[in-house]
Amino acid sequence: MAWVNDVIQGILLGGLYALFAAGLSLIFGVMRLVNLAHGDLSLLAAYAALLIVGPLDINPFLSVFLVMILVAIFGYVLQRGFLNFALEDDPMPTILATFGLSIVIQNLLLEVFSANSMGLDAGAIETQALKITDQISIGWFPLITLVTSVVVLFALQLYLSRTRMGRAFRATSDNQEAAQLMGIDNRHLYGLAMAIALGIVAIAGVFLGIRTTFNPSVGPARLIFAYEAVIIGGLGSVWGTLVGGMLLGVAQTIGAHLDPGWGVLAGHLLFLAVLVLRPRGLFAKQVQA
Amino acid sequence: MIHVDPAEAGTAAGVLNASPDPRGGVQTSPMAGSLLEVEGASTGYGSFQALFDVSLRVDEGETLAVIGANGAGKSTLLKTICGLLRTDDNTVRFDGRPIGSLPAHKRVGLGISLVPEGRLVFPSLTVYENLLVGGHSRRTGPWSVDKVRDLFPLLNRLMNKQAAHLSGGEQQALAIGRGLMANPRLLLLDEVSLGLAPIVVAELYRAIPRIVAEGTTLIIVEQDIGQAVAVADRIVCLLEGRVVLRGRPDEVTREQISAAYFGV
(Lines give C-alpha, C1' and ligand atoms only; values in the text may rest on other atoms or scores of the structure.)
Protein backbone atom coordinates (compact mmCIF):
# COMPACT_ATOMS: atom_id res chain seq x y z
CA MET A 1 0.00 0.00 0.00
CA ALA A 2 2.88 2.34 0.78
CA TRP A 3 4.03 1.99 -2.82
CA VAL A 4 0.62 2.93 -4.15
CA ASN A 5 0.80 6.01 -1.98
CA ASP A 6 4.24 6.84 -3.41
CA VAL A 7 2.93 6.63 -6.94
CA ILE A 8 -0.06 8.82 -6.13
CA GLN A 9 2.09 11.44 -4.39
CA GLY A 10 4.56 11.29 -7.27
CA ILE A 11 1.84 11.89 -9.83
CA LEU A 12 0.57 14.83 -7.82
CA LEU A 13 4.09 16.24 -7.62
CA GLY A 14 4.37 15.70 -11.38
CA GLY A 15 1.60 18.25 -11.88
CA LEU A 16 3.83 20.91 -10.36
CA TYR A 17 6.82 19.83 -12.45
CA ALA A 18 4.71 20.01 -15.60
CA LEU A 19 3.78 23.59 -14.76
CA PHE A 20 7.47 24.40 -14.49
CA ALA A 21 8.26 22.58 -17.71
CA ALA A 22 5.47 23.63 -20.09
CA GLY A 23 6.83 27.12 -20.74
CA LEU A 24 10.33 25.81 -21.21
CA SER A 25 9.13 23.38 -23.86
CA LEU A 26 7.06 26.06 -25.58
CA ILE A 27 9.86 28.59 -26.02
CA PHE A 28 12.37 25.97 -27.07
CA GLY A 29 9.88 24.70 -29.64
CA VAL A 30 8.99 28.11 -31.04
CA MET A 31 12.38 29.84 -31.08
CA ARG A 32 15.00 27.21 -30.15
CA LEU A 33 15.84 29.23 -27.07
CA VAL A 34 17.30 27.36 -24.12
CA ASN A 35 16.20 29.44 -21.19
CA LEU A 36 18.59 28.87 -18.30
CA ALA A 37 16.85 31.54 -16.25
CA HIS A 38 13.51 29.73 -16.27
CA GLY A 39 13.81 28.50 -12.68
CA ASP A 40 14.89 31.90 -11.39
CA LEU A 41 12.04 33.57 -13.24
CA SER A 42 9.63 31.24 -11.42
CA LEU A 43 11.18 32.40 -8.16
CA LEU A 44 10.69 35.97 -9.26
CA ALA A 45 6.99 35.13 -9.43
CA ALA A 46 7.05 33.61 -5.93
CA TYR A 47 8.66 36.76 -4.52
CA ALA A 48 6.24 38.94 -6.45
CA ALA A 49 3.39 37.03 -4.78
CA LEU A 50 5.09 37.53 -1.42
CA LEU A 51 5.14 41.28 -2.05
CA ILE A 52 1.50 41.59 -3.01
CA VAL A 53 -0.26 39.19 -0.61
CA GLY A 54 0.71 41.32 2.40
CA PRO A 55 -0.43 44.79 1.32
CA LEU A 56 -3.48 43.53 -0.59
CA ASP A 57 -4.33 41.11 2.22
CA ILE A 58 -5.33 38.30 -0.15
CA ASN A 59 -4.79 34.57 -0.19
CA PRO A 60 -1.74 33.52 -2.27
CA PHE A 61 -4.12 31.51 -4.45
CA LEU A 62 -5.81 34.71 -5.55
CA SER A 63 -2.48 36.45 -6.05
CA VAL A 64 -1.67 33.91 -8.79
CA PHE A 65 -3.81 35.74 -11.33
CA LEU A 66 -2.18 39.10 -10.71
CA VAL A 67 1.34 37.62 -10.59
CA MET A 68 0.71 35.74 -13.83
CA ILE A 69 -0.21 38.92 -15.65
CA LEU A 70 2.74 40.87 -14.21
CA VAL A 71 5.26 38.16 -15.03
CA ALA A 72 3.80 37.64 -18.51
CA ILE A 73 4.19 41.34 -19.27
CA PHE A 74 7.73 41.17 -17.91
CA GLY A 75 8.34 38.19 -20.21
CA TYR A 76 7.16 40.06 -23.29
CA VAL A 77 9.36 43.05 -22.49
CA LEU A 78 12.32 40.80 -21.65
CA GLN A 79 12.01 39.00 -24.98
CA ARG A 80 11.55 42.05 -27.17
CA GLY A 81 13.94 44.29 -25.30
CA PHE A 82 16.73 41.81 -24.65
CA LEU A 83 16.55 38.18 -25.74
CA ASN A 84 15.42 38.88 -29.33
CA PHE A 85 18.78 40.54 -29.88
CA ALA A 86 20.61 37.39 -28.82
CA LEU A 87 18.59 35.06 -31.07
CA GLU A 88 20.72 33.67 -33.87
CA ASP A 89 21.02 30.37 -35.70
CA ASP A 90 23.70 29.51 -33.17
CA PRO A 91 22.05 28.69 -29.79
CA MET A 92 25.06 29.84 -27.77
CA PRO A 93 24.31 33.60 -27.47
CA THR A 94 20.89 32.96 -25.89
CA ILE A 95 22.32 30.32 -23.56
CA LEU A 96 24.89 32.86 -22.35
CA ALA A 97 22.31 35.63 -22.17
CA THR A 98 19.87 33.59 -20.08
CA PHE A 99 22.71 32.24 -17.92
CA GLY A 100 23.67 35.83 -17.19
CA LEU A 101 20.05 36.73 -16.55
CA SER A 102 19.82 33.84 -14.08
CA ILE A 103 22.78 35.20 -12.10
CA VAL A 104 21.41 38.73 -12.16
CA ILE A 105 18.00 37.60 -10.87
CA GLN A 106 19.53 35.47 -8.11
CA ASN A 107 21.69 38.33 -6.88
CA LEU A 108 18.92 40.89 -7.11
CA LEU A 109 16.66 38.62 -5.04
CA LEU A 110 19.47 38.08 -2.56
CA GLU A 111 20.02 41.82 -2.30
CA VAL A 112 16.35 42.67 -1.83
CA PHE A 113 15.00 39.68 0.12
CA SER A 114 18.16 38.29 1.82
CA ALA A 115 19.15 34.63 1.81
CA ASN A 116 16.51 33.70 4.42
CA SER A 117 13.93 31.13 3.43
CA MET A 118 10.44 32.47 3.00
CA GLY A 119 7.08 30.93 2.30
CA LEU A 120 3.60 31.85 1.15
CA ASP A 121 0.88 31.07 3.67
CA ALA A 122 -2.27 29.81 2.00
CA GLY A 123 -3.93 28.88 5.30
CA ALA A 124 -5.49 25.58 6.36
CA ILE A 125 -5.79 24.13 2.87
CA GLU A 126 -2.03 23.59 2.80
CA THR A 127 -2.33 20.72 5.26
CA GLN A 128 -5.84 19.39 4.70
CA ALA A 129 -6.12 16.06 2.97
CA LEU A 130 -8.65 13.72 1.48
CA LYS A 131 -8.30 10.44 3.35
CA ILE A 132 -8.73 7.44 1.05
CA THR A 133 -7.47 4.62 3.29
CA ASP A 134 -5.36 4.52 6.44
CA GLN A 135 -2.20 4.72 4.41
CA ILE A 136 -3.32 6.78 1.45
CA SER A 137 -4.44 10.35 1.67
CA ILE A 138 -4.45 12.98 -1.00
CA GLY A 139 -3.57 16.49 0.05
CA TRP A 140 -5.99 19.13 -1.22
CA PHE A 141 -3.21 21.43 -2.21
CA PRO A 142 -1.26 18.89 -4.35
CA LEU A 143 -4.60 17.93 -5.92
CA ILE A 144 -5.38 21.55 -6.76
CA THR A 145 -1.89 21.84 -8.25
CA LEU A 146 -2.42 18.83 -10.48
CA VAL A 147 -5.87 19.97 -11.60
CA THR A 148 -4.51 23.45 -12.33
CA SER A 149 -1.70 21.89 -14.29
CA VAL A 150 -4.05 19.79 -16.40
CA VAL A 151 -6.36 22.76 -17.03
CA VAL A 152 -3.44 25.03 -18.00
CA LEU A 153 -1.90 22.42 -20.32
CA PHE A 154 -5.28 21.71 -21.88
CA ALA A 155 -5.78 25.42 -22.51
CA LEU A 156 -2.28 25.69 -24.00
CA GLN A 157 -2.91 22.71 -26.26
CA LEU A 158 -6.20 24.22 -27.41
CA TYR A 159 -4.54 27.57 -28.04
CA LEU A 160 -1.78 26.00 -30.11
CA SER A 161 -4.04 23.76 -32.16
CA ARG A 162 -7.13 25.89 -32.70
CA THR A 163 -6.30 29.59 -32.80
CA ARG A 164 -4.75 31.77 -35.46
CA MET A 165 -1.83 32.73 -33.25
CA GLY A 166 -1.41 29.12 -32.12
CA ARG A 167 -1.01 28.04 -35.73
CA ALA A 168 1.48 30.86 -36.21
CA PHE A 169 3.46 29.48 -33.25
CA ARG A 170 3.60 26.03 -34.81
CA ALA A 171 4.42 27.40 -38.26
CA THR A 172 7.27 29.45 -36.81
CA SER A 173 8.50 26.38 -34.96
CA ASP A 174 8.58 24.48 -38.26
CA ASN A 175 10.26 27.18 -40.33
CA GLN A 176 10.83 30.67 -39.04
CA GLU A 177 11.70 32.28 -42.38
CA ALA A 178 8.72 30.76 -44.18
CA ALA A 179 6.50 31.99 -41.33
CA GLN A 180 7.70 35.55 -41.94
CA LEU A 181 6.71 35.14 -45.57
CA MET A 182 3.15 34.47 -44.34
CA GLY A 183 3.09 37.87 -42.67
CA ILE A 184 3.92 36.57 -39.20
CA ASP A 185 5.93 39.07 -37.16
CA ASN A 186 8.38 36.70 -35.51
CA ARG A 187 9.70 39.27 -33.01
CA HIS A 188 6.20 39.91 -31.67
CA LEU A 189 5.47 36.20 -31.72
CA TYR A 190 8.60 35.43 -29.70
CA GLY A 191 7.55 38.07 -27.18
CA LEU A 192 4.14 36.44 -26.94
CA ALA A 193 5.68 32.98 -26.52
CA MET A 194 7.85 34.23 -23.66
CA ALA A 195 4.84 35.96 -22.08
CA ILE A 196 2.84 32.72 -22.15
CA ALA A 197 5.79 30.65 -20.95
CA LEU A 198 6.48 32.94 -18.01
CA GLY A 199 2.78 33.32 -17.23
CA ILE A 200 2.61 29.54 -16.79
CA VAL A 201 5.83 29.30 -14.81
CA ALA A 202 4.53 32.10 -12.57
CA ILE A 203 1.75 29.74 -11.45
CA ALA A 204 4.39 27.11 -10.76
CA GLY A 205 6.50 29.58 -8.78
CA VAL A 206 3.61 30.71 -6.58
CA PHE A 207 2.45 27.11 -6.00
CA LEU A 208 5.98 26.12 -5.09
CA GLY A 209 6.08 29.00 -2.62
CA ILE A 210 2.87 27.70 -1.02
CA ARG A 211 4.09 24.09 -1.01
CA THR A 212 7.49 24.71 0.52
CA THR A 213 9.84 27.48 1.56
CA PHE A 214 12.10 29.14 -0.94
CA ASN A 215 15.20 31.31 -1.06
CA PRO A 216 16.99 33.08 -3.93
CA SER A 217 19.22 30.09 -4.71
CA VAL A 218 16.64 27.37 -5.44
CA GLY A 219 15.92 28.42 -9.04
CA PRO A 220 18.53 26.27 -10.83
CA ALA A 221 17.25 23.06 -9.19
CA ARG A 222 13.75 23.93 -10.49
CA LEU A 223 15.25 24.42 -13.94
CA ILE A 224 16.83 20.97 -13.91
CA PHE A 225 13.59 19.24 -12.86
CA ALA A 226 11.73 21.15 -15.55
CA TYR A 227 14.23 20.14 -18.22
CA GLU A 228 14.10 16.54 -17.11
CA ALA A 229 10.31 16.55 -17.37
CA VAL A 230 10.52 18.03 -20.88
CA ILE A 231 13.15 15.56 -22.09
CA ILE A 232 11.42 12.53 -20.57
CA GLY A 233 8.08 13.54 -22.12
CA GLY A 234 9.57 14.51 -25.45
CA LEU A 235 10.05 17.97 -26.93
CA GLY A 236 7.08 19.60 -28.57
CA SER A 237 4.45 17.47 -26.88
CA VAL A 238 2.27 19.28 -24.33
CA TRP A 239 0.84 16.08 -22.82
CA GLY A 240 4.26 14.45 -22.99
CA THR A 241 5.48 17.19 -20.67
CA LEU A 242 2.75 16.31 -18.17
CA VAL A 243 3.58 12.59 -18.31
CA GLY A 244 7.29 13.44 -18.09
CA GLY A 245 6.64 15.52 -14.98
CA MET A 246 4.60 12.71 -13.43
CA LEU A 247 7.22 10.03 -14.15
CA LEU A 248 9.88 12.28 -12.64
CA GLY A 249 7.68 12.89 -9.60
CA VAL A 250 7.00 9.17 -9.13
CA ALA A 251 10.70 8.32 -9.48
CA GLN A 252 11.57 10.93 -6.88
CA THR A 253 8.97 9.84 -4.32
CA ILE A 254 9.83 6.16 -4.71
CA GLY A 255 13.54 6.98 -4.48
CA ALA A 256 12.93 9.03 -1.35
CA HIS A 257 10.89 6.17 0.12
CA LEU A 258 13.85 3.79 -0.27
CA ASP A 259 16.22 6.27 1.28
CA PRO A 260 15.47 9.94 2.03
CA GLY A 261 18.66 10.96 0.23
CA TRP A 262 17.83 9.10 -2.98
CA GLY A 263 14.80 11.06 -4.12
CA VAL A 264 16.46 13.54 -6.43
CA LEU A 265 18.99 10.93 -7.54
CA ALA A 266 16.25 8.51 -8.64
CA GLY A 267 14.75 11.28 -10.78
CA HIS A 268 18.10 11.94 -12.44
CA LEU A 269 18.62 8.21 -13.08
CA LEU A 270 15.22 7.94 -14.79
CA PHE A 271 16.14 10.95 -16.89
CA LEU A 272 19.46 9.41 -17.91
CA ALA A 273 17.77 6.10 -18.70
CA VAL A 274 15.32 7.89 -21.04
CA LEU A 275 18.20 9.75 -22.67
CA VAL A 276 19.95 6.45 -23.35
CA LEU A 277 16.95 4.40 -24.44
CA ARG A 278 14.72 7.01 -26.09
CA PRO A 279 16.73 10.19 -26.63
CA ARG A 280 13.81 11.95 -28.32
CA GLY A 281 11.62 11.39 -25.28
CA LEU A 282 8.56 9.22 -24.83
CA PHE A 283 6.06 11.33 -26.78
CA ALA A 284 8.19 13.37 -29.18
CA LYS A 285 6.45 14.90 -32.15
CA GLN A 286 7.16 12.45 -34.97
CA VAL A 287 7.68 14.61 -38.03
CA GLN A 288 10.62 14.51 -40.30
CA ALA A 289 11.24 17.91 -41.81
CA MET B 1 15.08 49.53 -70.18
CA ILE B 2 12.14 48.59 -72.34
CA HIS B 3 9.08 50.37 -71.19
CA VAL B 4 5.96 48.34 -71.72
CA ASP B 5 2.85 50.26 -72.58
CA PRO B 6 0.09 48.88 -70.35
CA ALA B 7 -2.29 48.65 -73.28
CA GLU B 8 0.20 46.69 -75.33
CA ALA B 9 1.06 44.39 -72.47
CA GLY B 10 -2.65 43.83 -72.09
CA THR B 11 -3.02 42.44 -75.58
CA ALA B 12 0.03 40.28 -75.16
CA ALA B 13 -1.28 38.89 -71.90
CA GLY B 14 -4.69 38.39 -73.42
CA VAL B 15 -3.28 36.29 -76.23
CA LEU B 16 -0.99 34.27 -73.98
CA ASN B 17 -3.44 33.64 -71.20
CA ALA B 18 -6.62 33.32 -73.17
CA SER B 19 -8.44 34.88 -70.23
CA PRO B 20 -10.20 38.19 -69.79
CA ASP B 21 -7.79 41.01 -69.11
CA PRO B 22 -8.41 42.20 -65.54
CA ARG B 23 -6.50 45.43 -65.95
CA GLY B 24 -9.07 47.27 -68.00
CA GLY B 25 -10.73 48.61 -64.88
CA VAL B 26 -7.67 48.91 -62.72
CA GLN B 27 -5.40 51.09 -64.79
CA THR B 28 -7.75 53.78 -65.98
CA SER B 29 -5.24 56.59 -65.59
CA PRO B 30 -2.45 56.62 -68.14
CA MET B 31 -0.28 58.28 -65.46
CA ALA B 32 -0.50 55.29 -63.11
CA GLY B 33 3.00 54.16 -62.13
CA SER B 34 4.24 50.61 -62.05
CA LEU B 35 3.08 48.32 -59.28
CA LEU B 36 6.66 47.42 -58.42
CA GLU B 37 9.81 49.38 -59.12
CA VAL B 38 13.24 48.14 -58.17
CA GLU B 39 15.90 50.76 -58.69
CA GLY B 40 19.62 50.14 -58.43
CA ALA B 41 19.40 47.13 -56.12
CA SER B 42 22.86 45.98 -55.01
CA THR B 43 22.10 43.48 -52.31
CA GLY B 44 23.92 40.43 -51.01
CA TYR B 45 24.73 38.38 -47.96
CA GLY B 46 27.32 39.81 -45.60
CA SER B 47 30.39 40.63 -47.64
CA PHE B 48 29.10 38.72 -50.66
CA GLN B 49 27.33 40.90 -53.19
CA ALA B 50 24.84 39.00 -55.36
CA LEU B 51 23.12 41.84 -57.23
CA PHE B 52 24.80 44.74 -59.00
CA ASP B 53 22.64 47.77 -59.69
CA VAL B 54 19.59 45.81 -60.81
CA SER B 55 16.56 47.84 -61.86
CA LEU B 56 13.21 46.65 -63.10
CA ARG B 57 9.56 47.55 -63.03
CA VAL B 58 6.41 45.52 -63.23
CA ASP B 59 2.99 46.90 -64.08
CA GLU B 60 -0.17 45.74 -62.38
CA GLY B 61 -1.52 42.56 -63.92
CA GLU B 62 1.68 41.81 -65.78
CA THR B 63 3.63 38.55 -65.63
CA LEU B 64 7.40 38.93 -65.60
CA ALA B 65 9.76 36.01 -65.98
CA VAL B 66 13.20 36.38 -64.43
CA ILE B 67 15.52 33.77 -65.86
CA GLY B 68 19.15 32.99 -65.42
CA ALA B 69 21.57 30.25 -64.51
CA ASN B 70 22.31 29.01 -61.03
CA GLY B 71 23.82 31.81 -58.94
CA ALA B 72 22.73 34.59 -61.28
CA GLY B 73 20.99 36.40 -58.41
CA LYS B 74 17.39 35.50 -59.18
CA SER B 75 16.49 34.38 -55.68
CA THR B 76 18.38 37.32 -54.19
CA LEU B 77 16.26 39.63 -56.34
CA LEU B 78 13.06 38.01 -55.01
CA LYS B 79 14.32 38.23 -51.43
CA THR B 80 15.01 41.92 -51.98
CA ILE B 81 11.48 42.42 -53.27
CA CYS B 82 9.75 40.44 -50.50
CA GLY B 83 11.83 41.88 -47.67
CA LEU B 84 13.93 38.93 -46.51
CA LEU B 85 16.81 41.14 -47.65
CA ARG B 86 16.42 44.82 -46.91
CA THR B 87 17.77 47.88 -48.69
CA ASP B 88 17.37 51.65 -48.68
CA ASP B 89 13.74 52.64 -48.65
CA ASN B 90 13.75 53.94 -52.22
CA THR B 91 15.39 50.92 -53.81
CA VAL B 92 12.09 49.08 -53.77
CA ARG B 93 8.82 50.88 -54.42
CA PHE B 94 5.45 49.19 -54.30
CA ASP B 95 2.47 51.03 -55.71
CA GLY B 96 4.59 54.19 -55.49
CA ARG B 97 5.41 53.67 -51.84
CA PRO B 98 9.06 53.22 -50.78
CA ILE B 99 9.28 49.90 -48.92
CA GLY B 100 12.93 48.89 -49.21
CA SER B 101 13.52 48.89 -45.46
CA LEU B 102 10.22 47.22 -44.51
CA PRO B 103 10.49 43.70 -43.03
CA ALA B 104 9.01 40.77 -44.97
CA HIS B 105 6.01 40.23 -42.69
CA LYS B 106 4.82 43.80 -43.21
CA ARG B 107 5.13 43.54 -46.98
CA VAL B 108 2.70 40.62 -46.95
CA GLY B 109 0.07 42.96 -45.56
CA LEU B 110 0.74 45.37 -48.42
CA GLY B 111 0.23 42.60 -50.95
CA ILE B 112 3.61 41.03 -51.71
CA SER B 113 3.89 37.26 -51.21
CA LEU B 114 6.77 34.95 -52.00
CA VAL B 115 6.43 31.26 -52.77
CA PRO B 116 9.96 30.32 -51.74
CA GLU B 117 12.41 28.09 -53.49
CA GLY B 118 12.23 24.58 -52.06
CA ARG B 119 8.53 25.10 -51.17
CA LEU B 120 9.16 25.42 -47.42
CA VAL B 121 5.71 24.18 -46.46
CA PHE B 122 5.19 23.73 -42.72
CA PRO B 123 5.84 20.01 -42.34
CA SER B 124 4.09 19.38 -39.01
CA LEU B 125 0.96 21.28 -40.01
CA THR B 126 -1.80 19.77 -42.09
CA VAL B 127 -2.46 21.01 -45.61
CA TYR B 128 -5.52 22.86 -44.32
CA GLU B 129 -3.51 24.49 -41.53
CA ASN B 130 -0.78 25.47 -43.99
CA LEU B 131 -3.40 27.30 -46.02
CA LEU B 132 -4.81 29.00 -42.92
CA VAL B 133 -1.32 30.16 -41.91
CA GLY B 134 -0.92 31.48 -45.45
CA GLY B 135 -3.87 33.74 -44.69
CA HIS B 136 -2.39 34.97 -41.40
CA SER B 137 -2.13 38.58 -42.62
CA ARG B 138 -4.54 38.23 -45.51
CA ARG B 139 -5.90 41.21 -47.35
CA THR B 140 -9.44 41.14 -48.62
CA GLY B 141 -9.59 39.51 -52.00
CA PRO B 142 -10.77 36.59 -54.06
CA TRP B 143 -8.66 33.78 -52.62
CA SER B 144 -9.95 31.43 -49.95
CA VAL B 145 -9.34 27.82 -48.94
CA ASP B 146 -12.19 26.71 -51.20
CA LYS B 147 -10.85 28.65 -54.13
CA VAL B 148 -7.36 27.21 -53.68
CA ARG B 149 -8.88 23.72 -53.59
CA ASP B 150 -10.63 24.58 -56.78
CA LEU B 151 -7.36 25.75 -58.35
CA PHE B 152 -5.45 22.65 -57.26
CA PRO B 153 -7.98 19.80 -57.01
CA LEU B 154 -5.17 17.42 -56.04
CA LEU B 155 -5.12 19.10 -52.60
CA ASN B 156 -8.75 18.13 -51.92
CA ARG B 157 -8.10 14.67 -50.57
CA LEU B 158 -4.98 15.83 -48.70
CA MET B 159 -6.52 18.55 -46.53
CA ASN B 160 -6.00 16.70 -43.23
CA LYS B 161 -2.65 15.20 -44.10
CA GLN B 162 0.58 16.56 -42.63
CA ALA B 163 2.46 18.51 -45.27
CA ALA B 164 5.61 16.49 -44.53
CA HIS B 165 3.99 13.46 -46.16
CA LEU B 166 3.17 15.18 -49.45
CA SER B 167 5.03 14.57 -52.69
CA GLY B 168 7.16 17.34 -54.17
CA GLY B 169 4.48 18.35 -56.65
CA GLU B 170 1.79 18.36 -53.98
CA GLN B 171 3.99 20.47 -51.73
CA GLN B 172 4.57 22.94 -54.55
CA ALA B 173 0.84 23.22 -55.21
CA LEU B 174 0.32 23.76 -51.49
CA ALA B 175 3.08 26.39 -51.36
CA ILE B 176 1.48 28.34 -54.22
CA GLY B 177 -1.97 28.01 -52.66
CA ARG B 178 -0.59 29.11 -49.31
CA GLY B 179 0.92 32.18 -50.95
CA LEU B 180 -2.38 33.01 -52.63
CA MET B 181 -4.24 32.83 -49.30
CA ALA B 182 -2.77 36.23 -48.41
CA ASN B 183 -4.51 37.67 -51.50
CA PRO B 184 -1.33 39.25 -52.82
CA ARG B 185 -1.30 41.92 -55.50
CA LEU B 186 2.18 40.71 -56.43
CA LEU B 187 3.02 37.04 -56.21
CA LEU B 188 6.65 35.97 -56.48
CA LEU B 189 7.25 32.38 -57.59
CA ASP B 190 10.75 31.05 -57.01
CA GLU B 191 11.78 27.96 -58.99
CA VAL B 192 8.38 26.31 -59.16
CA SER B 193 9.75 23.58 -61.42
CA LEU B 194 12.80 22.70 -59.34
CA GLY B 195 13.14 18.95 -58.86
CA LEU B 196 9.73 18.13 -60.31
CA ALA B 197 8.79 15.88 -63.21
CA PRO B 198 7.92 17.80 -66.40
CA ILE B 199 4.33 16.54 -66.33
CA VAL B 200 3.88 17.88 -62.78
CA VAL B 201 5.45 21.20 -63.77
CA ALA B 202 3.07 21.49 -66.70
CA GLU B 203 0.12 20.86 -64.39
CA LEU B 204 1.30 23.55 -61.95
CA TYR B 205 1.82 26.05 -64.76
CA ARG B 206 -1.74 25.43 -65.95
CA ALA B 207 -2.82 27.25 -62.78
CA ILE B 208 -0.93 30.43 -63.73
CA PRO B 209 -3.52 31.87 -66.15
CA ARG B 210 -6.22 31.50 -63.52
CA ILE B 211 -4.07 33.36 -60.99
CA VAL B 212 -3.42 36.11 -63.53
CA ALA B 213 -7.13 36.25 -64.30
CA GLU B 214 -7.76 37.39 -60.73
CA GLY B 215 -5.64 40.46 -61.44
CA THR B 216 -2.56 39.20 -59.61
CA THR B 217 0.78 40.44 -60.85
CA LEU B 218 3.40 37.72 -61.12
CA ILE B 219 7.16 37.51 -61.07
CA ILE B 220 8.27 34.02 -62.01
CA VAL B 221 11.85 33.00 -61.42
CA GLU B 222 13.06 29.94 -63.29
CA GLN B 223 16.13 28.16 -64.49
CA ASP B 224 13.86 26.15 -66.78
CA ILE B 225 13.22 28.75 -69.47
CA GLY B 226 10.47 27.07 -71.50
CA GLN B 227 7.58 27.15 -69.00
CA ALA B 228 8.32 30.64 -67.73
CA VAL B 229 8.68 32.22 -71.14
CA ALA B 230 5.41 30.67 -72.30
CA VAL B 231 3.34 32.44 -69.62
CA ALA B 232 5.33 35.69 -69.37
CA ASP B 233 4.49 39.09 -70.80
CA ARG B 234 8.09 40.17 -70.41
CA ILE B 235 11.43 38.53 -69.69
CA VAL B 236 14.41 39.72 -67.71
CA CYS B 237 17.57 37.68 -67.90
CA LEU B 238 20.14 37.88 -65.11
CA LEU B 239 23.80 36.93 -65.38
CA GLU B 240 26.15 37.16 -62.43
CA GLY B 241 23.94 39.67 -60.64
CA ARG B 242 23.35 41.97 -63.61
CA VAL B 243 20.50 42.38 -66.06
CA VAL B 244 21.81 41.31 -69.46
CA LEU B 245 18.62 40.99 -71.48
CA ARG B 246 15.10 42.40 -71.36
CA GLY B 247 12.23 42.13 -73.71
CA ARG B 248 8.91 40.62 -74.63
CA PRO B 249 8.93 36.93 -75.55
CA ASP B 250 8.15 37.77 -79.16
CA GLU B 251 11.00 40.28 -79.31
CA VAL B 252 13.81 38.06 -78.16
CA THR B 253 15.04 34.94 -79.89
CA ARG B 254 16.03 31.63 -78.30
CA GLU B 255 19.59 32.42 -79.35
CA GLN B 256 19.57 35.75 -77.53
CA ILE B 257 18.22 34.06 -74.40
CA SER B 258 20.82 31.31 -74.41
CA ALA B 259 23.57 33.85 -75.05
CA ALA B 260 22.38 35.91 -72.07
CA TYR B 261 21.85 32.79 -69.96
CA PHE B 262 25.33 31.45 -70.43
CA GLY B 263 27.10 34.77 -70.88
CA VAL B 264 28.66 33.88 -74.20
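Begin by selecting strand 11 (residues 234-239) and strand 12 (residues 242-247) of chain B, which form a hairpin with two residues between them; helices (H or I, at least four residues) and strands (E, at least two) are DSSP runs, numbered from the N terminus. In the turn, E240(B) has a positive phi of about 45°. The two strands run antiparallel and are joined by five bridges, where strands count as paired if DSSP finds at least two bridges between them. If you then pick C237(B), you will find L245(B) of strand 12 standing opposite. While you look at the side chains, keep in mind that in a regular strand they alternate between the two faces of the sheet.

Before going on, note that this is a predicted model, in which local features need pLDDT of at least 70 and side-chain atom pairs count only at pLDDT 80 or more, whereas totals for chains, interfaces and linings use all residues. Residues are numbered from 1 along each chain as its sequence is written, and chains are lettered from A and ligands numbered from 1 in the order in which they are written.

Next, colour chain B by pLDDT, the predictor's confidence in each residue, from 0 to 100. The mean for chain B is 88, and 88% of its residues reach 70 or more, but pLDDT stays under 50 over residues 1-31 of chain B. For the model as a whole, the scores are ipTM 0.89 and pTM 0.88.

Now select strand 1 (residues 36-41) of chain B, which belongs to an open sheet of four strands with the order 4-1-6-7 and antiparallel pairing. Strand 4 and strand 7 (97-98) of chain B are the edge strands, since each pairs on one side only. Strand 1 meets strand 4 over four bridges, and L36(B) stands opposite V58(B) in strand 4.

Move to D53(B), in the loop between strand 3 (48-49) and strand 4 (54-58) of chain B. This residue has a positive phi of about 55° although it is not a glycine. Why does D53(B) count as exposed? D53(B) counts as exposed because it has 11 C-beta neighbours inside 10 Å: a residue is buried if 20 or more other C-beta atoms lie within 10 Å of its own, exposed if 12 or fewer, and partly exposed in between, with C-beta atoms placed from the backbone.

Select H105(B) in helix 4 (residues 104-110) of chain B. With 21 other C-beta atoms within 10 Å, H105(B) is buried. Leaving aside residues up to four places away in sequence, H105(B) touches Q180(A), G183(A), I184(A), D185(A) and S137(B); contact here means that C-beta atoms, placed from the backbone, lie within 7 Å.

Finish by showing both chains, where 19 residues of chain A are in contact with 23 residues of chain B. On the chain A side, helix 6 (164-174) and helix 7 (176-181) each give two or more residues, and helix 6 supplies the largest share, six residues.

Technical notes:
Contact = placed C-beta atoms within 7 Å.
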